[in-house]
Every structure is written in structure tokens, then in C-alpha cells.
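Dear colleague,

I am handing over the structure below, together with some notes on what was found in it. Please read the notes with the coordinates open beside you.

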Amino acid sequence: MELALFLGNTQIAAALLIGMGALGTAIGFGILGGRFLESVARQPELLNTQRVNMFIVAGLLDAFTAIATAIAILLLYANPLVSQIRGG
Amino acid sequence: MASGSAAPTANEYISHHLVNHHVGHGFWTFHLDTLIMSGLVGIVVFGLMAWAARNATAGVPGKFQAFVEIVLGMVDQQCRDTFHGKSELVTPLAITVFVWVFCMNALDLIPVDFIPWIMHNVFGVEHWKAVPTTDPNATFAMSLTVFALILIFNVKFKGVGGFVHEIFTAPFHSDNILLQIVFAPINLVLRFVEELAKPVSLALRLFGNMFAGEVLFILMVLLAGAWTWQSIGTSSLSMIGHVVLSLGWGIFHILIITLQAFIFMMLTIVYMSLASESH
């Protein structure tokens, strides 16, 4: 019974981790892409520089979403806490 | 990989693919697959580049020399734009980081079971993870090395006295001696957090992206497994689904691989630049 409760909560936790990470990243990339398009429209000669900068910021935005996803996968498939319920 | 004569369940298959081949226990565990794969990739890739350098001609270059020159030119351009100090170490460091991380990440594009199957049938090894950057030990090793270099650059360019002075006066300055004493511990705490966040975020960013990508490939293989193993459910559509999904995710993953290697390199250069500038 406790194991079922624990596993159910773990699934919800993993879903929240991935979902909220995806939400934040989607909004962030949207704002980033919009600003990039505006800046290129203002100064088309800076297209290549701005594209490189956009990818740099995109990589930084992705960081904590990827970390959250990795933790969610860890919880689902290699859960370190489950040994306490199963008796070691 | 079947553990026994029956086909594995989904969870068994995934868990089997997430275990490193290790020796030792506790703190002294060595992940042999990470060490060997990253060493082999390094030797092959840097050996190839050294060979291109040795046979370089100043006349019309061959194709491989031109390719190496393009990569080096790109990294050198980034260093020149971003690093404002004077050091002979930063550009080779950036080249090493970019090329090595990119090639280690690119091992993720090899189908999931290929290398573990070879290791199992030829060398008799039970578990083998082919991509070193999915092991947080590898990414932390690289980022802690960069962190040590940041500290060394700080001391080398600012002097020990200058470095300590900057720690205590960094974001909050004042000319008033009393305010300086008040601000000093605040500056210290902020500086500590900022310096600690650099290697941790570098390592976990690369690890998170690569680990999630690898697990997604494994999950897509389970779709094909549903067609062949018949322990999960059978549907012939699932094989088509596996091929389509793996292809799509593989193509997107090429972008992720390159982007993560580029980010690691850019952040290394930026951190070196911050460490060598004084305000």
C-alpha cells in the first residue's frame, strides 16, 4: 500500500518536473526568438552575430530544464528513495 | 539485452541500459566505460587533428586540412571576440573542450544497443554505457578542471592580494570604511555562490541534456521491442513508429549535441575572460 502511494506520488512529481520545465523553456524561447527577429529587423547586417548570440542564450535557457528532466528520469527508473520502503 | 533467456520487461531493459560498467565500490568506484570511451575518443580525434597539423601545407590545402582549419578558425574567432586578456592557454583550451565534448556527445547517435552488444558478445561485459557525457562524473571532471583554471587565472592576472581584495569588494563598493566592513561578508557570500554556480551549472547542463536524450532513445527502442519481444504488447505499427520517432529525435539531437558543446566552450571562454579582467 505504501509502495503504491510512493510510486504514484513519484509519477506525479516526475510529470510536474518535466511539465514545468517545458513551460518555462517554451516561454523563454518565445521571448528570445521574438527579440532576435526584432533586432535583425532593426539591423540586418548583424544577422550572423545575433544568431550566434541567440544560440548561446538558448543553451543557457535549456540548462535547468534539462537538469529537471534528468532528475525526473532518475526518479522514474533509478529511484534512490525506493529502497527505504522496500526494506533496504 | 536479454538478461537470461526470456525477453526483458520494459523496466528491466531501461534499468539495464542506465548502469555503468564499474569496478570498486563506494567512493572508489571507477566507471570503466566512461574512462575508456572518453580516452579512446580523445586519442582518435586529437590524433587525427595532430596528423593533419603535421602534414599541413601552406599551399592549396587538402580536404581534411581545410576542415580542421574551419573548425579551428571558428573557435579562434570566438576566443578573439570574447577573451580580452592575454593568454596562450585559452584558445587551445577552447578547442579541446569543443572538439572533445562534441565527439563524445556524437557517440549518442550510434544506435542504443550496438556498442553494448559488441562489448557483451566480444568481451563478455554485462553493462556498458557508450556515451561518456551521460555520466555526471565525466562532466563534473571537465567543469571542475575549468573551475581550477578560473582560480589559477584569477590569481595569475590579479595577484593574490588583488584577488582577495576583489572578493570582498566585488558587487558593492564604498569609500566609507564602515560601509566597506559591512559590505565585505555580503560580497563574500555572493562571490562564493557565484563561483560555485559556475562549475555546477556547466556540468549539470551538459549531463542533463545528454542523459535525457539517451533515455529518450532507449524509450523509443521499447516501441520496436513491442513488435519483436511480445512481452510488452504486439503491434506491427510500433516498428514503423520506432523508426520514424528515432529518426526525428536523432536529427534534432544533432542540433542539441553541437549546441551543448558550443555552450560549454563559450562559457569556458567567458569565465576565463571574467577571471582575467580587473575592473
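Of the 279 residues of chain B, 28% count as buried, where buried means that 20 or more other C-beta atoms, placed from the backbone, lie within 10 Å of the residue's own. This is a predicted model, in which local features need pLDDT of at least 70 and side-chain atom pairs count only at pLDDT 80 or more, while totals for chains, interfaces and linings use all residues. Residues are numbered from 1 along each chain as its sequence is written, and chains are lettered from A and ligands numbered from 1 in the order in which they are written.

To stay with chain B, it has eight helices and two strands, taken as DSSP runs numbered from the N terminus (H or I and at least four residues for helices, E and at least two for strands), and along the sequence they follow the pattern α-β-β-α-α-α-α-α-α-α. Its radius of gyration, taken over C-alpha atoms, is 23 Å, whereas a compact globule of 279 residues would have one near 19 Å, by the rule of 2.2 Å times the number of residues to the power 0.38. The C-alpha trace of chain B spans about 75 × 55 × 35 Å along its principal axes.

Chain A has three helices and zero strands, and buried residues make up 16% of its 88 residues.

Turning to the interface, 14 residues of chain A are in contact with 17 residues of chain B, contact meaning that the C-beta atoms of two residues, placed from the backbone, lie within 7 Å. The chain A side divides into eleven nonpolar, two polar and one charged, with Ala, Val, Leu, Ile, Met, Phe, Trp, Tyr, Cys and Pro as nonpolar, Asp, Glu, Lys and Arg as charged, and the others, Gly among them, as polar.

Helix H2 (residues 47-77) of chain A packs against helix H8 (residues 237-276) of chain B at an angle of about 95°, with their axes 9 Å apart; the axes are lines fitted to C-alpha atoms over the stretch in contact, and angles run from 0 to 180 degrees between N-to-C directions. H2(A) is therefore roughly perpendicular to H8(B), a term that covers 65 to 115 degrees. In this contact A:Phe55, A:Ile56, A:Ala58, A:Gly59 and A:Leu60 meet B:Leu259, B:Gln260, B:Phe262, B:Ile263 and B:Met266, which divide into eight nonpolar, two polar and no charged residues.

Terms used. Buried ≥ 20, exposed ≤ 12 C-beta atoms within 10 Å, placed from the backbone. Parallel < 35°, antiparallel > 145°, perpendicular 65-115°, else oblique.
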